[in-house]
Amino acid sequence: MPSRLESGKEYLVESRLAPLARSAGSADVDSYIRGLRTNVAHHDAVVDALTTNETSWFRDRAPFTALKGSVLPDLIAKGRRHVKVWSAACSTGQEAYSVAITVADDFPALTLSIVGTDLSDRVVERARAGQYTQLEVNRGLPAATLVKYFQRSGPTFEIAPRLRQQVTFRKHNLLDAPPVGGPYDVVFLRNVLIYFDVATKRDVLRRVRSVLAPGGTLFLGAAETTIGIDDAWERVEAAGGSVYRLKEAKAA
Amino acid sequence: MTAVRPSIRLEAHPDVVLCCIDWNMPVMTGFEFVVEARKRQEWRDITLMMVTTEGEHDQIVRALAAGAHEYVIKPFTPEIMLDKARGSLACWTRRCRHERRGGLASHGGWRGH
Ligand SMILES: C[S@@+](CC[C@H](N)C(=O)[O-])C[C@H]1O[C@@H](n2cnc3c(N)ncnc32)[C@H](O)[C@@H]1O
C-alpha cells in the first residue's frame, strides 16, 4: 500500500476498493488486494480510489496571508532574491500556483522555483497541464486574479505560461526520500498528514526537516499539527496564520 | 428575479449588502445594472457580484472594470457562492473600516463562518 492509514479508516478502503475489485472480477476486496502484489497495472487505479484530491485556490486563505505578510517579507529582508518552495501532496496544483500568483502580485522582484509533488500520476498530469474547469476556477480564485493570470481555451482556463514555468510537478511518495532540488525555504504539506498514522506522520515530518532551509517555514493543514508528533518543530504566529519552524533555527 | 431599474427596488431595501446579478436579464442587462449602480454614491457600499453563464474573458474584464466586485461563472455550488460572497464582503468590510473608521456597526456587518 502506498500510504499507511490511521486505524478507523479501514471502512474507507473497503468501500473505495469494492468497485475496483468488482470490475477486476475479484471475489472480494481482500482477494483483490492479494492480487495487487503481482498485478502492478492496477496500482495507479488503487491510488486514485484511495486518495482524496480535494483542493482549491488559496485554500484556507490564512497561509497565503502569512506568506505575503510575513514569510516572504522576512526572506527579502535577509537579502534573498530567489525563493524555493515545495508544495508536497499538491494534488491538481492549485496550491503551487497560488504561491506563484502571490509572488507575481506582491513581490515581482523575487524569482521563484516551486516543486509540486503528489503520489497520484493523474493529478500530477493535471497540475502540469495547468488547465482548470469553470467549477475549479470558481473555488477560491478572485475574478480579478482569474482574468489576470488565466487564458480561456474552450471550456477550460489555462494558467499563464510565465507562472507555469516557475513550477515543476513530479510524482513522489511522501514515504520515500524527499525530492531533490532543496533545501526549500517554504514547504506546504497540507491536508495529507491526516491520512497517516502517528509513526508515519513523524517519519514524514523528519524527512521534511532534512530538506528545509535554515530558518525555513512549514505550512500544515488547518486540522494538522506537529505538536505531540515531532517536537523539533515549534508553532509560530505569522501575520494572522500559524506556521511551523525548527526550534534550533530560532537563533539563526 | 425580475429585473427592474435598480433605483426602484434597492431604495426600499437599505439593508442590502450584496447583489447577485445575472448578465442576461430583461429590461436591462446585468452589465448595465453594474454601470448604473456604480454611478450612485448611496450604493457605493453594496457588493456587486455577477453570477452568470457568460464566462468569456472579455466579459469578466468588462464587468470588473465597470465596478463588479466578484464574478461567478455558472454552474456553481452553494460552497462556491458562500466562499465568493465571503471573500468580496471581507474586502468590503475592510474598505468600510478603512474609509469610515468603525462605521461598520450601522451596516450589521457580515458574519462569516
Ligand atoms: C486532500 S489533497 C490536499 C491537496 C493540497 N495539499 C491542499 O491542501 O489543498 C491530498 C493529496 O495527498 C496525496 N497523497 C496521499 N498520500 C500521499 C503520499 N503518500 N505521498 C504523496 N502524496 C500523497 C493525494 O494524492 C492527494 O492529492
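Reply: Let us begin with a residue in a loop. A:Arg61 is placed in the loop between H3 and H4 of chain A. Please bear in mind throughout that this is a predicted model.

Me: How should I read a pair of helices, and at what angle do the axes of H1 and H2 of chain A cross?

Reply: One takes the distance between the axes, the crossing angle, and then the residues that meet. The axes of helix H1 (residues 10-23) and helix H2 (residues 29-36) of chain A come within 9 Å and cross at roughly 75°. Angles of 65 to 115 degrees count as roughly perpendicular, and H1(A) and H2(A) are therefore roughly perpendicular to each other. From H1(A), the residues A:Glu14, A:Leu17, A:Ala18, A:Leu20 and A:Ala21 meet A:Val29, A:Tyr32 and A:Ile33 of H2(A). By class, this contact has seven nonpolar residues, no polar residues and one charged residue.

Me: In what order do the strands S3, S4 and S5 of chain A lie in their sheet?

Reply: A sheet is read from its pairings. The three strands form an open sheet in the order S3-S5-S4 (chain A), with antiparallel pairing. S3 and S4 of chain A are the edge strands, since each pairs on one side only. Strand S3 (residues 131-132) is joined to strand S5 (residues 156-159) of chain A by two bridges, while four bridges join strand S4 (residues 150-153) of chain A to S5(A).

Me: Which residue of S5(A) is the bridge partner of A:Tyr132, and which is the partner of A:Arg152?

Reply: The partner of A:Tyr132 is A:Phe157, and the partner of A:Arg152 is A:Phe157 as well. Elsewhere in the pairing, A:Gln131 stands opposite A:Glu158 in S5(A). The hairpin of S4(A) and S5(A) has two residues between the strands, and A:Gly154 takes a positive phi near 65° there.

Me: Why would one look for groups of nonpolar side chains in the interior?

Reply: In soluble globular proteins, nonpolar side chains tend to be buried together. In this model, the largest nonpolar core has 60 residues, and those with the most contacts inside it are A:Leu67 and A:Phe150. Apart from that core lies another, of 22 residues, among them A:Ala88, A:Val187, A:Leu189 and A:Leu212.

Me: Is B:Lys84 buried or exposed?

Reply: Relative accessibility decides this, and buried means under 20%. B:Lys84 counts as buried because its relative accessibility is 4%. B:Lys84 is found in helix H4 (residues 78-100) of chain B. Leaving aside residues up to four places away in sequence, B:Lys84 touches A:Asn138, A:Leu141, A:Pro142 and A:Ala143 of chain A, together with B:Met49, B:Glu70, B:Tyr71 and B:Val72 of chain B.

Me: Finally, how many helices and strands does chain B have?

Reply: Chain B has four helices and three strands, and along the sequence they follow the pattern α-β-α-β-α-β-α. Of the 113 residues of chain B, 41% count as buried. Sequence separation gives a further view: among contacts in chain B between residues at least 6 apart in sequence, 53% join residues at least 24 apart.

Methods:
Residues numbered from 1 in each chain as written. Chains lettered and ligands numbered in written order. Predicted model: local features only at pLDDT ≥ 70, side-chain atom pairs only at ≥ 80, totals over all residues. Heavy atoms only, no water. Axes fitted to C-alpha atoms, helices over the stretch in contact; angles between N-to-C directions. Parallel < 35°, antiparallel > 145°, perpendicular 65-115°, else oblique. Contact = heavy atoms within 4.5 Å. Nonpolar A, V, L, I, M, F, W, Y, C, P; charged D, E, K, R; others polar. Buried < 20%, exposed > 50% of the residue type's maximum accessible area, 1.4 Å probe, protein only. Pairing = 2+ DSSP bridges. Core = buried A, V, L, I, M, F, W, Y, C linked by side-chain atoms within 4.5 Å.
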